[in-house]
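Here is a walk through the charged pairs of a protein chain and one of its helices. Keep the model open as you read.

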Amino acid sequence: MKRIQMVDLKGQYAAIKERVDTSIQEVIDAAAFINGPEVHQFQKELEDYLNVKHVIPCANGTDALQIAMMGLGLQPGDEVITADFTFAATVEVIALLQLTPVLVDVDPSTFNIDTEAIKKAITPKTKAIVPVHLFGQAADMETILAIAKEHQLYIIEDNAQGIGANYRFADGNTIKTGGMGHVASTSFFPSKNLGCYGDGGAIFTNDDDLAHTMRGIVNHGMYQRYHHDVVGVNSRLDSIQAAVLRAKLPKLDSYNDARRNAAREYNKAFAGITNIITPKIKCTTNQESTALCDNCNCHVFHQYTLRILNTDRDALVAHLQEKEIPCGVYYPIPLHLQKAYQDERYDEADFPVTNQLVKEVISLPMHTELDQEQIAFITNTVITFMNS
């Protein structure tokens, strides 16, 4: 059996090596390292794939979130609602811009932001909602869009983990994540479903004026060299990373299908195992289920995350590591308890789900190269521990 990786980037590279190597060499030969043809071509191809009017490439996913908020003109003191159970980058940029983060609890089934909690958190100072498509599953966008419309709020989709996922509305209309809010951000960190070989990110929008503003922001506020029309930053996707992403983008759907197939095998192995809750899939076609819709693709499994009940989750982590099976705990500390983001406004009674999830979640290896033998070894090892 091949050594099990949390993410097998070498194995994925082997299948696209010729295209990647050739493209990188062409960038080097042309010496067009910043804003070269590869960046512009990738931008157009990603716009076509996502069916959005504007993609603005940038240096990383955190910058993408920050630039989105800058582009919307949010001001210090404006409140931005987002999920307590997610990576810190989501709240980090809110704080950096001197906005006020408002953290709310999540849905225990999907781990995505709780829409009822959003409603309760809205005040006259609320200006935006940041739904995170966590672990690769689309958030409940139909409800969130309705809330935002009622209260005249911006929606900034954090699509760092969900690129390629679909959201199906009740009327049957399907839109890819990143194409529903006023603006969206994503990350091309190497381990993402669409990852480059360094840092990279992008912002998406269908708003022409907002796109124009953000294109200036990413380039020091310039639309014409040495003319700084808006306050900007230095955040550009380099051409070598764009070349890698161009090689991978045509394969993104097949990459996501491979992840979904691996998730099916995991689900099958863990079915009926006491004290293991496998990922729940929520969409308008099946409401809530452990089954994956064949034609929906509403979950692209950036992570495959279990809940371990009435068992020492950390002991399971140690057991897997002893068997040389990598795993992850995403995330071990809620954002509202992180030293940087603690606030007397928060009441522990408002975060029952997040406070429970951080004790229970464990993510197993998930990538495009997982094979049946590896999955069998991983699942047998987990089941043996749970039954011991």
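Is Asp208 buried, exposed or partly exposed? The model is a predicted one, and in this model Asp208 has a relative accessibility of 40%. That value lies between the cut-offs of 20% for buried and 50% for exposed, so Asp208 counts as partly exposed.

Now look at its partner. Asp208 forms a salt bridge with Lys53. The closest N and O atoms are 2.8 Å apart. Asp208 lies in helix H7, residues 208-217. Lys53 sits in the loop between helix H2 (37-50) and strand E1 (54-58). The pair therefore ties together parts that are 155 residues apart in sequence. Lys53 is partly exposed too, with a relative accessible area of 46%.

Why can such pairs form at all? Side chains of opposite charge can pair when their charged atoms come close. With the 4 Å limit between nitrogen and carboxyl oxygen, the count comes to 10 salt bridges.

Turn next to a pair within one helix. Glu265 and Lys268 meet in a salt bridge, at 3.5 Å from N to O. Both belong to helix H9, residues 252-270. They are three residues apart, so about one helical turn separates them. Glu265 is partly exposed, at 22% relative accessibility. Lys268 is exposed, and its relative accessible area is 58%.

Where does the salt bridge partner of Glu360 lie? The side chain of Glu360 meets that of Arg307, with an N to O distance of 2.8 Å. Glu360 is in helix H11 (residues 352-360), while Arg307 is in strand E15 (residues 304-308). This pair links distant parts of the chain, 53 residues apart. Both Glu360 and Arg307 are buried.

Salt bridges can also be found in a network here. Glu38, Glu45 and Arg246 are linked in this way.

Follow the chain just past H4 and you reach Gln98, which takes a positive phi of about 60°.

Definitions and conventions:
Residues are numbered from 1 along each chain as its sequence is written. This is a predicted model: local features need pLDDT of at least 70, side-chain atom pairs count only at pLDDT 80 or more; totals for chains, interfaces and linings use all residues. Side-chain values use heavy atoms; hydrogens and water are left out. Helices (H or I, at least four residues) and strands (E, at least two) are DSSP runs, numbered from the N terminus. Buried means under 20% relative accessible area, exposed over 50%, partly exposed in between (1.4 Å probe, protein chains only).
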